[in-house]
Amino acid sequence: RLFATDNRAVSNGCIRVENYLGLAAWVLGTDIAGVEAGIATGKTHFARVPGRIPVRMTYYMAYPDATGGIRYGEDFYNLAEGG
């Protein structure tokens, strides 16, 4: 039903990660080649994370475009108003 609406900015916890291979390598204490080798097996791997990992999330409502201008996005979650 959500795909039928005009505003589909609904979150169920998904977060975009720019360098997911680098993040996985850092978390697992290996290098990107090691992560890629694990992925290449086509099998699911389980690993214990060695400790707590600090996480910081940033919510951008303004960002640069390809021409050097600034684009302003809609504040879907009302965070600019204090949420």
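**Exercises on a predicted model**

The side chains of aspartate 65 and arginine 71 form a salt bridge, with 3.2 Å from N to O. Keep in mind that this is a predicted model.

**Exercise 1.** Work out how many salt bridges the whole structure has, and whether arginine 71 counts as buried, partly exposed or exposed.

*Solution.* 
- Step 1: Check the distance. A salt bridge needs a Lys or Arg side-chain nitrogen within 4 Å of a carboxyl oxygen of Asp or Glu, and the pair aspartate 65 and arginine 71 sits at 3.2 Å.
- Step 2: The whole structure gives 1 salt bridge.
- Step 3: Look up the relative accessible area of arginine 71, which is 47%. Buried is under 20% and exposed is over 50%, so arginine 71 lands at partly exposed.

**Exercise 2.** Find the order of helices and strands along the protein chain.

*Solution.* 
- Step 1: Count the pieces: 2 helices and 2 strands.
- Step 2: Walk along the sequence, and you get α-α-β-β.

**Exercise 3.** Say which residues of helix H1 are buried, and name a helix that helps cover them.

*Solution.* 
- Step 1: Go to residues 20–28, which make up H1.
- Step 2: Pick out the buried ones: Leu21, Gly22, Ala25 and Val27.
- Step 3: See what lies over them. The cover includes helix H2, residues 32–40.

**Exercise 4.** Work out what share of the protein chain is buried.

*Solution.* 
- Step 1: Start from the 83 residues of the chain; buried ones make up 8%.
- Step 2: The accessible area is about 8,000 Å², with 54% belonging to carbon and sulfur atoms.

Terms used: Residues are numbered from 1 along each chain as its sequence is written. This is a predicted model: local features need pLDDT of at least 70, side-chain atom pairs count only at pLDDT 80 or more; totals for chains, interfaces and linings use all residues. Side-chain values use heavy atoms; hydrogens and water are left out. Helices (H or I, at least four residues) and strands (E, at least two) are DSSP runs, numbered from the N terminus. Buried means under 20% relative accessible area, exposed over 50%, partly exposed in between (1.4 Å probe, protein chains only). Accessible areas come from the Shrake-Rupley method with a 1.4 Å probe; for residues, only the protein chains shown count as cover. Contact means heavy atoms within 4.5 Å.
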